[in-house]
Amino acid sequence: MNKANLPIKFSIKMPLYLIAILILLLSTSACKKAELPIEELIHGEVYFMGNGLDENPLIQTLTDTTELQPYLDILVNVEALESYTDISVDLTYKLTLQTTEETLSYDIGFDLGNKIGVAHDSTGYYPVPFEWVDLYLDAYRIPEQFTHLQPPSFTLMMDDYVISTGLSQEWYLQPTPSTLYPQFYSIEGYELRTMETLDFTLTGLFDRTIPNQIRISITDNMNPSNVIINDYELEETISTSVFPNLPKPKETGDYHYEIECTWDKTEKGYHGTIKYMFNLIIEMPTTYQLNSNEIIPTYEPGDSMAILIKDAKDLDYRVETEAFTKTIGLFYFDENQTDLVGLIPLNSRTKAGDYSVMIYRDSTNELLDSIDYTVIPKEFDSQQLTVSSSTASLKSSENREKDNAKFGDAKSYSEGSKLWEDNFLMPIDKPYRISTEYSMIRYVNGDTESSRHSGLDIAVPEGTPIKAANSGYVTFASDLIISGNVIVIDHGLGLFTSYVHLYKIHVEDGDFVEKGDIIGEVGSTGYSTGPHLHWTVWKNGVYLNPWKFVEEDPLAAFSN
Ligand SMILES: [Zn+2]
C-alpha cells in the first residue's frame, strides 16, 4: 500500500454524505462461478466512495498474493448469499480486482452501528469481515462522515436570549473499537454580555426572586456524564451538580464562567471534554430597604433604624428623614462594594407618627425613592434620684468642659466598616439588677427639670468583670471627672458603646477587642451613688436603647 499517494485533502464543507442504502439481498439464482487461481489475480485497488463531489480517492492498492488472497477467498471463489437483509450503509468503497482475463468490480458497504460489512457485484451480495473497515478508516481519515459522533452543539440561554461562549475541546471519535480520531480545537475569547438594567427586555431577567434563569441545552441525547461549573478567574468551583441550570448570580458584578463537560468513554463511539467559557456582567437594579421586614417598617424611640442601598451604582447618594436631621453617613456594606448602608439613630424623645426616609442623588438633588415608616409611642418611667451634695457638685459646667477636652475626638472618628458581629452581649453576666432603665426620666434632688438616662445601669458588686458587648477598637480608656473611669469602643459605621464608672480599666486606647473580651471591672467612680456599670450605645451623639442591640444585630435584616 502506497500511503504517499493517498489523497488526504478533504473539504470540510462537503455535504454530509451519509447514505442509507436499502440493500435488498434478493434470493438470486446465483450462478456457480469457475474457481479463479491466485496466479490469475494480479492487482487490486480500493477507492473511497464517501465523497459525492470530489474524485473518489484511491486508498489502497493490492499487489502481492498475500494481500490479494483474502479477496479471492471471500469474494471471488464463493457463492453469493441466497437470503437477503436490510442494512444501513455508513461507508461505501469500491474494490476492483484485475485478473489476467478481466476486471472484477465490487461495491463494499459498512454498517458501523451493526458492525456489518457487505460486498456487491452483478452476481450478488457477499459478506465481508467488518474488520476491513478499520484498514479503510485508518487509510483515509473521514471524521466528517460521523456527524452523529461529533461534539455536541451547546446553547446557553438566558430566558430566550442566547449567550455566546468561548470554547476549548478535546474530542475523540471512535467509530470502531480500533479506530480513533482525536479532534482538538479552541476558540479564543468569549463574548461579554452586559445586562443593562435600563433595557426593558433585560430588566426582568435579573429579578432576584426567580431562580435559575441561565439554562444550558445540549444536542439531543448527548448529555455529558459529568459537569463542573467553575469561576475561571477565581479558580473556584461553583457547582458540580446543577445542570442544565446555572446558579444565578445574586449580586452586581463580573462573573467568569467555565462549564467543563465530560463525556465518558462509552459504546457510543465518542468521548471527550469540552470547556465552554463566558463572562457575564450583571447589573442588578438599585433597591432601597430599611432594616425591617414589615410592609410599613415600625420603630420605637431609641431604635437604630438603618437603610441599605443595594446595588448602588456609586457613592452619590444622600439620605434624609425628619426624625434624624443630622447627616446620615453611608458606608460600603459588602466586599464587592456594591451595597451601601447607613445607621439612622432615633432618639428616645422621637415623637410617634408617620415618617419617610428620602433617598436623593446627592449631586443633583433628584429624589430617587422614599420609604415610609412609623414611630410608635413608648412610655419611659420616671425616677426621683437623691445624690449627696459632693456628688451633685461634680456635674459643674467647669468639670464638663474639662471632661470634653480630655475626651477629645474619641467620639468623632468611626471605622468605615462594620466591626461588630451579630447581636450585642450584655457586658455583665447574670445575676445582675437593672437599677436604672434606658431613657428613664430622672429628677435629681427634687428638681423640676428632668433629664433622660442615656444608658442602662447594671448594678453588681465592685470588681465584677465587664465584657466588650461587641468587637471594635477602643477609642478611649481613661478617667474623667463626671464619668469616672471610662472605656469607649468604636464598632464601626458610627456606632459606639461606652462603659462608665469603672473600678479598673484593662484595655488601652487603640486596642482591638473581640466581642466578650474582659475590658475592665465594675466600680463607682465619678458621678455615681454605688457600684454599677453605666452602659450606653450611641451613634451621632444619640443614645440608643441597648436592649435592642442585645436582642438583635441592627443590620440582621440585611444579611441575605
Ligand atoms: Zn447610669
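Which residue stands opposite Glu45 in E3? That spot belongs to Thr96.

## What you're looking at

This is a predicted model, so a bit of caution is built in: local features need pLDDT of at least 70, side-chain atom pairs count only at pLDDT 80 or more, and totals for chains, interfaces and linings use all residues. Numbering starts from 1 along each chain, following the sequence as written.

The protein has six helices and 38 strands. Both are DSSP runs numbered from the N terminus, helices (H or I) having at least four residues and strands (E) at least two. Of the 560 residues, 31% are buried, a label for residues with 20 or more other C-beta atoms within 10 Å of their own; exposed is 12 or fewer, partly exposed is in between, and C-beta atoms are placed from the backbone. Take the contacts between residues at least 6 apart in sequence: 68% of them join residues at least 24 apart. A contact here is two C-beta atoms, placed from the backbone, within 7 Å.

The whole thing is an open sheet of six strands, ordered E2-E1-E3-E4-E5-E6, with antiparallel pairing. E2 and E6 (124-128) are its edge strands, each pairing on one side only. On average, neighbouring strands are turned by 25° against each other, direction ignored. At the E6 end, strand E5 (residues 116-121) and E6 share five antiparallel bridges, with Gly117 opposite Val128 in E6.

Over in strand E2 (residues 58-62) you'll find Thr61. Is Thr61 buried or partly exposed? Thr61 counts as partly exposed because it has 13 C-beta neighbours inside 10 Å. Its C-alpha atom is 9.6 Å from that of Leu95, 34 residues away along the chain.

## A second open sheet

Another open sheet has four strands in the order E19-E25-E24-E21, with mixed pairing. Its edges are E19 (298-299) and E21 (317-321), each pairing on one side only. Strands E24 (residues 353-361) and E25 (residues 366-375) run antiparallel over nine bridges, and Ser356 faces Asp372 in E25.

## The cores

The largest nonpolar core has 59 residues, and Ala306, Ile307, Val341, Ile344, Val486, Ile487 and Tyr499 touch the most other members. A core is a set of buried Ala, Val, Leu, Ile, Met, Phe, Trp, Tyr and Cys residues joined through C-beta atoms within 7 Å. Strand E34 (residues 495-505) gives the largest share, six residues. Domain 3 (288-375) and domain 4 (382-558) both contribute, so the core lies between them; the bounds come from an automatic or database domain assignment.

Leaving out residues up to four places away in sequence, Ala306 touches Leu290, Asn291, Val341, Gly342, Leu343, Ile344, Pro554 and Leu555. There's also a second, separate core of 28 residues, including Leu72, Val76, Ala80 and Trp132.

Note on methods: Pairing = 2+ DSSP bridges. Axes fitted to C-alpha atoms, helices over the stretch in contact; angles between N-to-C directions.
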